[in-house]
Amino acid sequence: MQLKKYTDYGLRILMYLASFEADENCAEPKLATIREICDTFGLSANHVNKVVHHLGRLELIETRRGKNGGFLLAKKPEDISLAFVIRQLEGDEKWIECENPYCVALPACELKGIVARGKELFYDYLSQYSLKSLMVKAPQLRQIFSTAS
């Protein structure tokens, strides 16, 4: 299984925001911009706009308009479950589609049930981790992100 690029971008954006929020030298978390994210990760503005909008609808990030606008995390990193983020960005579609096109093995096949159980185990495992789990090396990430653009 491979995560969609959309999900990958969403996780990168959240990590970026969390890395600057974790900066003890800053009283206020740093506001990020679409351009900054695009420059840091080499992504298109169109893709980043869509992901940022989705993360905002999920209430994971807060956007601020205006001259000094941008976006930042709306929740603490420890309150953002990786299972929730990935499930929301990936969509909760079936991993095996037996009905369209119809598979002749369907009446006797166990694959669909086994894969569905594996999917739930995958999300159960991810539910043990939060965005904070990805911030163990926040100072190093902050340095990498600062010099990447």
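1. Basis. The model is predicted, with local features requiring pLDDT of at least 70 and side-chain atom pairs counting only at pLDDT 80 or more, while totals for chains, interfaces and linings use all residues. Residues are numbered from 1 along each chain as its sequence is written, and side-chain values use heavy atoms, with hydrogens and water left out.

2. Helices (H or I, at least four residues) and strands (E, at least two) are DSSP runs, numbered from the N terminus.

3. Phe 71. Not counting residues up to four places away in sequence, Phe 71 is in contact (heavy atoms within 4.5 Å) with residues including Ile 13, Leu 17, Ile 34, Ile 37, Val 52 and Ile 61. Phe 71 also belongs to the lining of the largest pocket.

4. Helix 2. Because 6 of its 8 residues are buried, helix 2 is largely enclosed by the rest of the structure. The buried positions are Ile 34, Glu 36, Ile 37, Cys 38, Thr 40 and Phe 41, and they pack against helix 1, helix 3, strand 2 and helix 6. Gly 42, with a positive phi near 70°, follows helix 2.

5. Lys 119. This residue lies in helix 5 (residues 111-126) and counts as buried because its relative accessibility is 8%. The Lys 119 side chain makes a polar contact of 2.9 Å with the side chain of Asp 92; such a contact is a pair of N or O atoms within 3.5 Å, and within protein one must be able to donate a hydrogen and the other to accept it, residues adjacent in sequence counting only if both atoms are side-chain atoms. Leaving aside neighbours within four places in sequence, Lys 119 is in contact with Asp 92, Glu 93, Lys 94 and Trp 95.

6. Largest pocket. A pocket is, on a 1 Å grid over the protein atoms alone, an open set of points where a 1.4 Å probe fits, with protein on both sides within 12 Å along at least five of seven lines; lining residues have an atom within 4 Å of a point. The largest one holds about 210 Å³ of space, a volume being the space filled by probe spheres set on the points. Helix 3 (45-57), strand 1 (61-64) and strand 2 (70-73) each supply at least two lining residues, and helix 3 gives the most, with 4.

Technical notes: Buried means under 20% relative accessible area, exposed over 50%, partly exposed in between (1.4 Å probe, protein chains only).
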